[in-house]
Amino acid sequence: MIFTHSEFTELVELGRGRQGAVYRARETSLDRLVVLKSLSYTHQREKQHLLEHARRLSSLSIHGMPKIHRVFCRMHKVWIVMEYVEAV
């Protein structure tokens, strides 16, 4: 995996699509379950678009929509760390 040795543990793939994948993971620094969404890009323009999209989503507060904790880029992917919400 592309994370530091202990940044995220217990990764379980929840789904995969054309542009990336979604994982449940434990963020070790805060000992909490999170969702990691990876979005691949090939051009800088795509990267900027994905980052802007994440910024817009993070500013929303909608009941039932997971909160975005942070966003980072590694190895031509934008990673969005979101609140983990258990399915009902």
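Author: Welcome! In this predicted model, a strand is a DSSP run of E with at least two residues, numbered from the N terminus. Ser38 is found in one of these, strand β3, which covers residues 32–40.

Reader: Thanks! Why is Ser38 called buried?

Author: Buried means under 20% relative accessible area. Ser38 has 1%, so Ser38 is buried.

Reader: What makes a residue a contact of Ser38, and which residues does Ser38 touch?

Author: A contact needs heavy atoms within 4.5 Å. Leaving aside residues up to four places away in sequence, Ser38 touches Gln19, Gly20, Ala21, Tyr23, Lys77, Val78 and Trp79.

Reader: On to the rings. How many aromatic pairs does the structure hold?

Author: There are three aromatic pairs. One of them joins Phe8 and Phe72.

Reader: How do you know that Phe8 and Phe72 are stacked?

Author: Ring centres must lie within 6.5 Å to pair, and planes under 30 degrees apart count as stacked. Phe8 and Phe72 are 6.4 Å centre to centre with 15° between the planes, therefore the pair is stacked. Phe8 lies in strand β1 (residues 8–16) and Phe72 in strand β4 (residues 68–74), 64 residues apart, and the pair links these distant parts of the chain.

Reader: And why are Phe8 and Phe72 called buried?

Author: Against the limit of under 20%, Phe8 has a relative accessibility of 5% and so counts as buried. Phe72, at 11%, is buried as well.

Reader: What makes the pair of Phe72 and Trp79 stacked?

Author: Their ring centres are 6.4 Å apart and their planes are at 10°, so this pair is stacked. Ring pairs link Phe8, Tyr23, Phe72 and Trp79 into a cluster.

Key
Residues are numbered from 1 along each chain as its sequence is written. This is a predicted model: local features need pLDDT of at least 70, side-chain atom pairs count only at pLDDT 80 or more; totals for chains, interfaces and linings use all residues. Side-chain values use heavy atoms; hydrogens and water are left out. Helices (H or I, at least four residues) and strands (E, at least two) are DSSP runs, numbered from the N terminus. Buried means under 20% relative accessible area, exposed over 50%, partly exposed in between (1.4 Å probe, protein chains only). Rings of Phe, Tyr and Trp (its six-membered ring) pair if their centres lie within 6.5 Å; planes under 30 degrees apart count as stacked, over 60 as edge-to-face and the rest as tilted.
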